[in-house]
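Hi,

Here is the structure I said I would pass on.

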Amino acid sequence: MTDTAAGAAPPKTENRTAALARELSELEARLRQGGGQKRIDKQHADGKLTARERIGLLLDPRTRFQEVGLLVAHDRYDGQAPGAGVVTGVGTVAGREVVVVANDATVKAGSWWPETITKMLRAQEIAMRSRVPIVYLVDSAGVNLPYQGGVFPGQYGAARIFYYNSIMRRYLKVPQIAAVMGPCIAGGAYLPALSDVILMVEGTSFMGLGGPNLVKGATGQTTDSETLGGAWTHNAISGVAHYRVADDWACLSKIRDLVKALPRTHTALPLADPAPPARPERDLYDVLPADHRQPYDMRELLRCILDGGALDEFQADHAPEMICGSARLDGVPVGVIANARGMLKDPHGGPPKFGGIVYADSADKVAFFIETLNRHGTPILFLQDVSGFMVGVDAEHSGIIRSGARFVEAMATATVPKLVLTLNHASGAGYYAMAGQGFDPDFIFTWPTGRMAVMEGDSAVMALFSGQLDELKRQGRQPDAEMQAKMQAVRDDYEHQLDAKYAGARGFVDAVVLPEDTRAALGLALRTTLNNPGPHLGPFVLPPNV
């Protein structure tokens, strides 16, 4: 007799949000192992720490490292490129926010895949936008030659890394610290060379435009790595490097000292001590419905995220499908723009409005709110659960196109920091208006429940097959097995592409964050943006005196 049959309560069913969070956690745990234990052991045997161990020692104890792009390329190359061979993210060193780029030598010797370039450029853009120091922990064999076509050429190929290096160094005054902690070969050597400070580790680091084998083939000279480009050579003879340290531990300690000595930029915003939310973050698992199409209370969700759960709503009684208001997150003032879900009463007395849909009056409301926040210099947090803009005769007659354009323009041209968190849907032009990735938000995150696509699978089926279905209906017939299979294939394909892990694998978001980590992730991202009191527009804005 089973326990259930004996009268015991049946096991609690895992809800949708919890199931997706568990799948994400399992995937991330595998990816953080890099190339696996055997290669980790090899790294240790060579007297070196792994990329993640280095980051752990670099950052302040018990502080968050918000990794950016962990899921990138996880579903490509037969799983042989976890993290695309590089760890990138934002953390705190000596009490200040920094961007970290660390080659993972356990993955194909830290060589560069096409997606490695994508991740490194994104990390540099975060540093440039927020004017925070960037630390490179270099340990790479260079270009992954079988994939050089996606690495070497192109506007956003490897050369753009060095372009960003140069812009940061000459114009933006973004501190760049490069630690060569393993090989640094060929064009990759320009990454540290274009930094402000170069450190090299005795016995394990090498920097050169060509290694000993290439030198012998090209010039006939016979040499070894230490003589050609080791730590002593580049500190004592060439003068390329600036500090020679004994080991990884000493190197990381020296970087912390260098960061500690850097000047700081202070924000003009009135900061306060962080306050806990009104509800525990774990309650977020219960706020979201089991079916992503069902309504929920967005204000209860905000009570789990905002300091004290407090939101001072702007025009609370007007266009209620869009929630706008002022709040604090981690002690920092923010303007909140969120989509309400469910059926909402129309203040004009018309039929109920659909939550998650942007109407003309709600677009105008948000545009005005954004412009006010921009004038006040207040960062904006977009909480996306949007299915698109309203369509139909009434919507067109209301001027939805003009109102939507006003919304988009206000968002696109706002120069304050913009953070995005996708909760459920991010569909259609509503995703664009709510600061989609194409509009360069400072950070863009999603929960595991996020669904990013032009439309849902059922809508795609109707768009593709409606003509055939209408004809069958006129004939009094039903779709045959072949047609049903085609329609199901479309639904399945959309469901695959709507998965938040799919967006993470392609860099459409900076990270997929667990609901219970939301405040920590947003808080660190928000404080990182405050390092730049100037305009946040595009990857970077040159100072006015250039």
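Glutamine 315 sits in the loop between β9 (312-313) and β10; helices (H or I, at least four residues) and strands (E, at least two) are DSSP runs, numbered from the N terminus. Mind that this is a predicted model, where local features need pLDDT of at least 70 and side-chain atom pairs count only at pLDDT 80 or more, while totals for chains, interfaces and linings use all residues. Residues are numbered from 1 along each chain as its sequence is written, and side-chain values use heavy atoms, with hydrogens and water left out.

Glutamine 315 is not a glycine, yet has a positive phi of about 50 degrees. Most residues other than glycine have a negative phi. Glutamine 315 counts as partly exposed because its relative accessibility is 39% (buried means under 20% relative accessible area, exposed over 50%, partly exposed in between, with a 1.4 Å probe and protein chains only). Alanine 319 is also placed in the loop between β9 and β10, and its phi is positive too, near 45 degrees. With a relative accessible area of 1%, alanine 319 is buried.

β10 (residues 322-329) pairs with β11 (residues 332-339) in the antiparallel sense over eight bridges; two strands pair if DSSP finds at least two bridges between them. Glycine 325 has valine 336 as its bridge partner in β11. Two residues separate β10 and β11 in their hairpin, and aspartate 330 in the turn has a positive phi of about 60 degrees. On its parallel side, β11 is joined by four bridges to β15 (residues 380-386), with isoleucine 380 in β15 as the bridge partner of glycine 335.

How covered is β11? Eight of its eight residues are buried. In a regular strand the side chains alternate between the two faces of the sheet. On β11, Val332, Val334, Val336 and Ala338 are buried on one side, and Pro333, Gly335, Ile337 and Asn339 on the other.

Now for β3 (residues 96-103). Eight of the eight residues of β3 are buried, so the rest of the structure largely encloses it. One face carries Arg96, Val98, Val100 and Ala102, the other Glu97, Val99, Val101 and Asn103. β2 (residues 86-93) runs antiparallel to β3, joined by eight bridges, and valine 86 has asparagine 103 as its partner. The hairpin of β2 and β3 has two residues between the strands, and alanine 94 there takes a positive phi near 55 degrees. β3 also runs parallel to β4 (residues 134-140), with four bridges; valine 101 is partnered by tyrosine 136 in β4.

Which side chains have polar contacts with glutamate 97? Arginine 264 does at 3.4 Å, and asparagine 531 at 3.1 Å (a polar contact is a pair of N or O atoms within 3.5 Å; within protein, one must be able to donate a hydrogen and the other to accept it, and residues adjacent in sequence count only if both atoms are side-chain atoms). Glutamate 97 counts as buried because its relative accessibility is 10%. Leaving aside residues up to four places away in sequence, glutamate 97 touches several others, including Val132, Pro133, Leu524 and Arg527 (contact means heavy atoms within 4.5 Å).

Last, tyrosine 171 lies in helix α5 (residues 159-172). Tyrosine 171 counts as partly exposed because its relative accessibility is 33%.

Cheers
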